[in-house]
Every structure is written in structure tokens, then in C-alpha cells.
Amino acid sequence: MPTKQDWDWLAVSSHYQTAVAVQQLLREGKSMEASEGLDALIEAMARTERHALKSQLVRLMAHVIKWKCQPEKRSSSWAVTINSARMEIEDIEEEVPSLNRNYIESVWDKCFKSAMKQAVLEMGKKCQLASLTWSEVFEERYSLLEEDDEDIDED
């Protein structure tokens with residue numbers, strides 16, 4: 001019977017192989033062992049989703065920081081990156097309902113610090129922003145187009 005450490009290692013190494021092992025145990029009627037594997041798989045997948053959300057949040061925040069601190073260098077690619085990161089976060093929230101606004105707020109400060117470091121490295125200069133608000137990150141419009149020029153349908 002695999003130990004908790006065996007399951008944890010397998011689940012981190014390969015979600016697919018873990019699912020196959022759980023399936024095999026279920027076929028053999030070993031539901032207790034299968035349940036342990038399933039628990040490890042669920043935790044590993046949740047970690048993966050949390051990491052993806054934090055990564056997108058840092059990417060989003062870094063571009064908002066650059067947008068605010070270097071207005072003379074604003075580009076359409078920054079606006080596209082901001083929009084893309086917002087959509088990725090929205091997709092993650094839909095797939096994993098526990099990764100909601102409460103979760104995002106719980107990692108906000110840590111992600112902001114990482115985003116600031118990234119933005120400073122990319123800009124080659126310090127930025128005086130002390131924080132970002134939810135509205136600045138998720139609601140403000142970032143576009144080089146004038147408001148009247150924006151005909152893009154948002155789904």
C-alpha cells in the first residue's frame with residue numbers, strides 16, 4: 001500500500017499517473033487506498049491552480065504598475081497583457097470556485113511585492129507606488145484607444 005509520502009510525490013510528479021493508480025486500486029476494490037491517492041491528487045491540483053492564479057496576478061499587477069509609472073512608454077502590448085491576465089484569472093476562478101476574491105485578497109500583498117520587483121527590473125527604475133487597489137487591477141480601463149473608438153465586444 002502506498003504511503004502518504006508516496007501519494008504526495010506521485011501526485012506532484014504526474015496528475016495522470018496518480019489518477020491511473022487510483023483507478024487501478026478502485027478496480028481492485030481497495031477504496032481506502034484509492035481515497036488516499038485521490039486526496040493527494042486533489043491537493044496537488046489545487047496547488048497547481050493556486051500557483052497559476054498567483055502567477056497571473058503578479059503578471060497583471062506588474063503591467064498595471066508599469067502603466068502607471070511609465071505613461072510615456074505605454075503600449076498596446078501592455079494593454080493586451082493586462083486584459084489577457086484578467087481573463088486567465090477569471091477562467092481560473094470559474095474552474096476553481098474557492099480561488100475567489102477572498103483568496104486573491106489573501107495573497108494580494110505578497111503578489112504586489114513580487115510584481116513591484118518584476119516591474120522595477122523591467123523598467124530599470126524605481127516606482128513610487130505603495131500599493132494597488134482592486135479597482136486599479138481588475139476594473140480600470142487600460143487601452144491606447146479613445147473610449148469612443150472602443151467597439152470591442154466584451155464577453
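## Exercises on helices, cores and cysteines

His63 counts as buried, because its relative accessibility is 10% and buried means under 20% relative accessible area (exposed is over 50%, partly exposed in between, with a 1.4 Å probe and protein chains only). The model is predicted, so local features need pLDDT of at least 70 and side-chain atom pairs count only at pLDDT 80 or more, while totals for chains, interfaces and linings use all residues. Residues are numbered from 1 along each chain as its sequence is written, and side-chain values use heavy atoms, leaving out hydrogens and water.

### Exercise 1: the surroundings of His63

Find the helix that holds His63, and list the residues in contact with His63 beyond its neighbours within four places in sequence.

Solution.
- Step 1. His63 is in helix α3; helices here are DSSP runs (H or I, at least four residues; strands are E, at least two), numbered from the N terminus.
- Step 2. Contact means heavy atoms within 4.5 Å. With neighbours up to four places away set aside, His63 is in contact with Trp78, Thr81 and Ile82.
- Step 3. For a distance, take Asn100: it is 37 residues from His63 along the chain, and their C-alpha atoms are separated by 21 Å.

### Exercise 2: two packed helices

Describe how helix α1 and helix α2 pack, and sort the contact residues by class.

Solution.
- Step 1. Two packed helices are described by the angle between their axes and the distance between the axes.
- Step 2. Helix α1 covers residues 4–13 and helix α2 residues 15–27; the angle is about 130 degrees and the axes are 5 Å apart. The axes are lines fitted to C-alpha atoms, for helices over the stretch in contact, with angles from 0 to 180 degrees between N-to-C directions.
- Step 3. That angle makes α1 oblique to α2, since under 35 degrees counts as roughly parallel, over 145 as roughly antiparallel, 65 to 115 as roughly perpendicular and the rest as oblique.
- Step 4. From α1, the contact is made by Trp7, Leu10, Ala11 and Ser13; from α2, by His15, Gln17, Thr18, Ala21, Val22 and Leu25.
- Step 5. Sorted by class, this contact has 6 nonpolar, 4 polar and no charged residues. Nonpolar covers Ala, Val, Leu, Ile, Met, Phe, Trp, Tyr, Cys and Pro; charged covers Asp, Glu, Lys and Arg; the others, Gly among them, are polar.

### Exercise 3: Val22 and Ala44

Is Val22 buried or exposed, and is Ala44 buried or exposed?

Solution.
- Step 1. Val22, in helix α2, is buried because its relative accessibility is 6%. Not counting residues up to four places away in sequence, Val22 touches Trp7, Ala34, Gly37 and Leu38.
- Step 2. Ala44 belongs to helix α3 and is buried too, at 4% relative accessibility. Beyond its neighbours within four places, Ala44 is in contact with Ala11, Val12 and His15.

### Exercise 4: the nonpolar cores

Which residues of the largest nonpolar core touch the most other members?

Solution.
- Step 1. A nonpolar core is a set of buried Ala, Val, Leu, Ile, Met, Phe, Trp, Tyr and Cys residues joined through side-chain atoms within 4.5 Å.
- Step 2. The largest core has 34 residues, and Leu57, Met61, Ile65, Trp108 and Phe138 touch the most other members. Elements giving two or more residues to this core are α3 (31–69), α4 (76–95), α5 (101–123) and α6 (134–138).
- Step 3. Another core, of 7 residues, lies apart from it; among its members are Trp7, Ala11, Val22 and Leu25.

### Exercise 5: the cysteines

How many disulfides does the structure hold?

Solution.
- Step 1. A disulfide is a pair of cysteine sulfur atoms within 2.5 Å. The structure holds 1 disulfide, joining Cys69 to Cys127 with an S to S distance of 1.6 Å.
- Step 2. Cys69 lies in helix α3 and Cys127 in the loop between α5 and α6, so the bond ties together parts 58 residues apart in sequence.
- Step 3. Cys69 is buried at 16% relative accessible area, and Cys127 is buried at 11%.
- Step 4. Cys111 is buried at 4%. Its sulfur is 17 Å from the closest cysteine sulfur, in Cys127, which is too far for a bond.
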